[in-house]
Amino acid sequence: MNLILYAIPGFFALILAELAVDKLRNTGYYRINDSVNSLTIGVFSRIAGLAKAAVPIAMYPLALEYLALMQWEQTWVLWVVAFAVYDFCYYWNHRMGHEVNFFWASHVVHHSSEEYNLTTALRQTSTSVLGWIFYLPLALMGVPLEVFISVAALNLIYQFWVHTRHVPKLGWFEWCFVTPSNHRVHHAQNQIYIDKNYGGVFILWDRIFGTFQEELDDEPVIFGIRKALKSWNPLWANFHVISQLCKDSWHTARYRDKLKVWFAKTGWRPDDVNSRFPIPRADMANFKKFDIALNGMERFYALIQHIQTLLITLLFLLNVATLSVASLWGVSLFILFSGVSLAIFMERKAWGVGLEAAKNAAVLVLLSQVALPFWLALTLAFFSCLGLVLLWRVTRSQQLAAG
């Protein structure tokens with residue numbers, strides 16, 4: 001059973017609840033462009049996960065068959081031990097994701113939002129390819145594949161709720177478990193908070209290995225990364241650090257540094273590259289969030305179009321086993337195009353309206369060619385027609401504003 005897939009409705013119910021609290025308290029922890037960006041990155045992660053799943057799942061049974069040192073009975077002891085050991089392995093996977101350039105290049109996408117709310121939890125990487133290596137100790141222990149998959153899903157589901165600013169410190173719970181407070185620290189770019197609190201469920205690992213930092217009342221958290229993304233493009237969010245490492249590796253003169261740049265401590269750059277192509281240091285004293293102002297019509301358009309993409313994605317994931325290879329590729333590419341196109345629209349680039357119009361027209365054409373349940377076809381047609389009307393109004397308002 002895919003526990004994460006079945007948890008998705010619960011995730012969105014909690015997001016709506018947090019959004020309601022945000023409005024009641026007038027805290028302003030949500031921005032439509034940032035939240036759509038986070039959710040789109042999450043969609044991309046699930047799509048990429050379909051392609052990547054075969055590698056770790058294929059490797060784990062091989063390790064289990066040939067390297068396992070123990071055998072377990074299916075009792076609660078197995079599940080408790082597997083859950084705890086998985087979290088221990090997660091700690092080191094997560095820690096390397098912050099301390100080694102190669103792993104940071106994949107993990108950075110999760111930290112690139114300058115907001116912190118439940119949508120941030122879904123902002124997962126699409127480019128991680130070696131993270132499964134950290135979990136091979138469970139195969140050595142003889143943990144069955146189905147138990148491994150289940151505890152991995154439970155670990156990830158637990159981590160969802162800690163991505164909120166509306167829950168204060170939780171007393172004794174802070175000492176043993178990852179909480180919203182100590183995970184807010186993990187998402188900070190303040191110097192005192194950087195590279196702290198790596199645990200997934202248990203904060204005990206951080207206390208044992210010296211990476212724990214309490215959230216301080218006199219040091220408000222500044223969320224985000226020092227080399228700010230400054231874009232709503234979900235593909236760029238996944239590849240901007242990889243792009244930087246490729247450039248550094250290409251431009252450095254020393255062959256040793258061409259390799260070292262990938263596996264050195266996060267942020268390390270060869271001296272010759274750093275002098276030729278310096279990256280300005282972030283001024284935390286004058287930090288300003290990236291934003292491109294959208295009017296009410298543009299925000300409403302972005303919201304309803306993202307809902308349409310989420311609906312298509314959910315139906316795709318629920319029916320993936322029944323689709324042909326051509327359909328898998330076609331729907332996946334359409335979802336990717338939709339996410340990038342909407343990001344370009346939210347950045348108010350000149351060609352964003354044209355891309356969005358083409359996307360909505362394509363949906364209407366496909367609906368005339370593909371047999372879908374009436375209610376679903378009607379819903380998608382409604383979103384696309386409404387989108388085209390809103391685009392026309394957006395274009396008119398932009399023309400009037402331009403004089």
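This is a predicted model: local features need pLDDT of at least 70, side-chain atom pairs count only at pLDDT 80 or more; totals for chains, interfaces and linings use all residues.
The charged end of R165 sits over the ring of Y29, 3.9 Å from the ring centre. A charge counts as over a ring if NZ of Lys or CZ of Arg is within 6 Å of the ring centre and within 35 degrees of the ring normal.

Residues are numbered from 1 along each chain as its sequence is written, and side-chain values use heavy atoms, with hydrogens and water left out.

How confident is the predictor? The score is pLDDT, given for each residue from 0 to 100. The chain has a mean pLDDT of 92. In the chain, 98% of residues reach 70 or more. Confidence is lowest in helix α3 (residues 54-67), with a mean of 76. It is highest in helix α10 (residues 180-186), at 98. Helices here are DSSP runs (H or I, at least four residues), numbered from the N terminus.

Start with helix α1, residues 3-25. It has 23 residues and reaches 32 Å from its first C-alpha to its last. That is close to the 33 Å expected at 1.5 Å a residue. The expected span is 1.5 Å times one less than the number of residues. Yet α1 has a kink of about 30°, centred on P9. The bend at a residue is the angle between axes fitted to the seven residues ending there and the seven starting there.

Which residues of α1 are buried? They are I4, L5, A7, I8, F11, I15, E18 and D22. Buried means under 20% relative accessible area, exposed means over 50%, and partly exposed lies in between (1.4 Å probe, protein chains only). An α-helix has 3.6 residues a turn, so residues three or four places apart point the same way. After α1 comes N26, with a positive phi near 55°.

Helix α8 covers residues 145-160. Its 16 residues reach 23 Å from first C-alpha to last, close to the 22 Å expected. Buried residues in α8 include V147, F148, V151, N155 and Y158.

Now look at the aromatic rings. A pair of rings is described by the distance of the centres and the angle of the planes. Rings of Phe, Tyr and Trp (its six-membered ring) pair if their centres lie within 6.5 Å; planes under 30 degrees apart count as stacked, over 60 as edge-to-face, and the rest as tilted. The whole structure holds 24 aromatic pairs. In one of them, the ring centres of F102 and F103 are 5.3 Å apart and the planes stand at 85°, so the pair is edge-to-face. F102 is partly exposed, at 22% relative accessibility.

W232 and F290 form another pair. Their ring centres are 5.0 Å apart and their planes are at 55°, so this pair is tilted. W232 lies in the loop between α11 (204-209) and α12 (234-251), and F290 in the loop between α14 (271-276) and α15 (296-318), so the pair ties together parts that are 58 residues apart in sequence. W232 is buried, at 4% relative accessibility. F290 is buried too, at 16%. Elsewhere, ring pairs link residues into a cluster, among them F83, Y91, W172, Y198 and F209.

Next, turn to the backbone. Most residues other than glycine have a negative phi. D195 has a positive phi near 60°. N197 also has a positive phi, of about 60°, although it is not a glycine. D195 is in the loop between α10 and α11, and N197 is found in that loop as well. Are these residues buried or partly exposed? D195 is partly exposed, at 26% relative accessibility. N197 is buried, with a relative accessible area of 1%.

What about the cysteines? A disulfide is a covalent bond between the sulfur atoms of two cysteines. Here it is a pair of cysteine sulfur atoms within 2.5 Å. A search of the whole structure finds zero disulfides. For C89, the nearest cysteine sulfur is that of C176, 20 Å away. C89 is buried, with a relative accessible area of 6%. C385 is partly exposed, at 39%.

R184 lies in helix α10 and is buried, at 6% relative accessibility. R184 and E356 are 172 residues apart in sequence and 35 Å apart in space, C-alpha to C-alpha.

Note on methods
Helices (H or I, at least four residues) and strands (E, at least two) are DSSP runs, numbered from the N terminus. pLDDT is the predictor's confidence in each residue, from 0 to 100.
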